[in-house]
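Please work through the exercises below with the sequence and the three-dimensional model at hand. Each task is followed by a stepwise solution.

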Amino acid sequence: MSALIILTLVCALTYTFEIVFGLAGTILMIPLLSFLFPVKTLVVYSVLPQVLVATIGIMRSPKKVDRKFLGGMLVFAFTGAVVGFTLFYNVSSDTFRVLLAAGITAAGLFMVIAPHRAKFNPAGLRAMDTLAGTSQALFGISGPIAMTRLLATYHDKNTVRHYAFAFFLSMNCLRATEYAVHGTYTGEILWMMAVSAPFLAVTLWFSNQLHLHINEQMFRKVVSWMILLGGLSLFYR
């Protein structure tokens, strides 16, 4: 029970960060909890808080989603997800951890060094969408890639945040369905979800408004550094 209490408290903090900044909840959660739970268990569990974050963020946002734009991203992301799911079920735990740490660190390093230089032609944008889908299916994380792509497309942080949530909700619904079909949910994971869900839902509902107090410059800097530090910390673990 003590492990579940720690899980709930850590997720309340890390996913509050995600609902404010648009990403990094899972990036922070996995390194912090990997000494208590296997990494793949945490990746599967992360479906729950990610769906809660995205749903609450979209429900409480005045922004509208351009379905054509989002649909274009998802077509390529779903294609990439096929590769991601294949790797998720076939790579070893050690290889999985190294790949996850390397991917997060590389994305964070890029955003810290060149936060305003990310520009892509149409082919590059679709490659990023595909890679985001692969990463979401493999690691349960696509924030660094999706946010890099969205920051290169939009300048307003609220627009970036809203499209990120719409993308994450779609991808995590795909993950949730695939895990159910594949029989990936264990009794332990379902119990973790059942215990933590009510506390996370209440916390995230009230935490959502914190993003209104974050300016553009702080938003970009914090997002970039937290991605980088999350990847490095997972290497350390």
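**Exercises on cysteines and salt bridges**

Cys-173 has a relative accessibility of 39% and so counts as partly exposed. The model is predicted, with local features needing pLDDT of at least 70 and side-chain atom pairs pLDDT 80 or more, while totals for chains, interfaces and linings use all residues. Residues are numbered from 1 along each chain as its sequence is written, and side-chain values use heavy atoms, leaving out hydrogens and water.

**Exercise 1.** Determine whether Cys-11 is buried or exposed, and state how many disulfides the structure holds.

*Solution.* Step 1: buried means under 20% relative accessible area, exposed over 50%, and partly exposed in between (1.4 Å probe, protein chains only). Step 2: Cys-11 is at 0% and therefore counts as buried. Step 3: with a disulfide defined as a pair of cysteine sulfur atoms within 2.5 Å, the structure holds zero disulfides.

**Exercise 2.** Identify which residues are linked in a network of salt bridges.

*Solution.* Step 1: a salt bridge requires a side-chain nitrogen of Lys or Arg within 4 Å of a carboxyl oxygen of Asp or Glu; the count is two. Step 2: Asp-129 meets Arg-126 at 2.9 Å, N to O. These two lie three residues apart in helix 7 (residues 122-139), and are therefore separated by about one helical turn. Helices are DSSP runs (H or I, at least four residues), numbered from the N terminus. Step 3: Asp-129 also forms a salt bridge with Arg-149, at 2.7 Å, N to O. This pair links distant parts of the chain, as Arg-149 belongs to helix 8 (residues 143-151), 20 residues apart from Asp-129 in helix 7.
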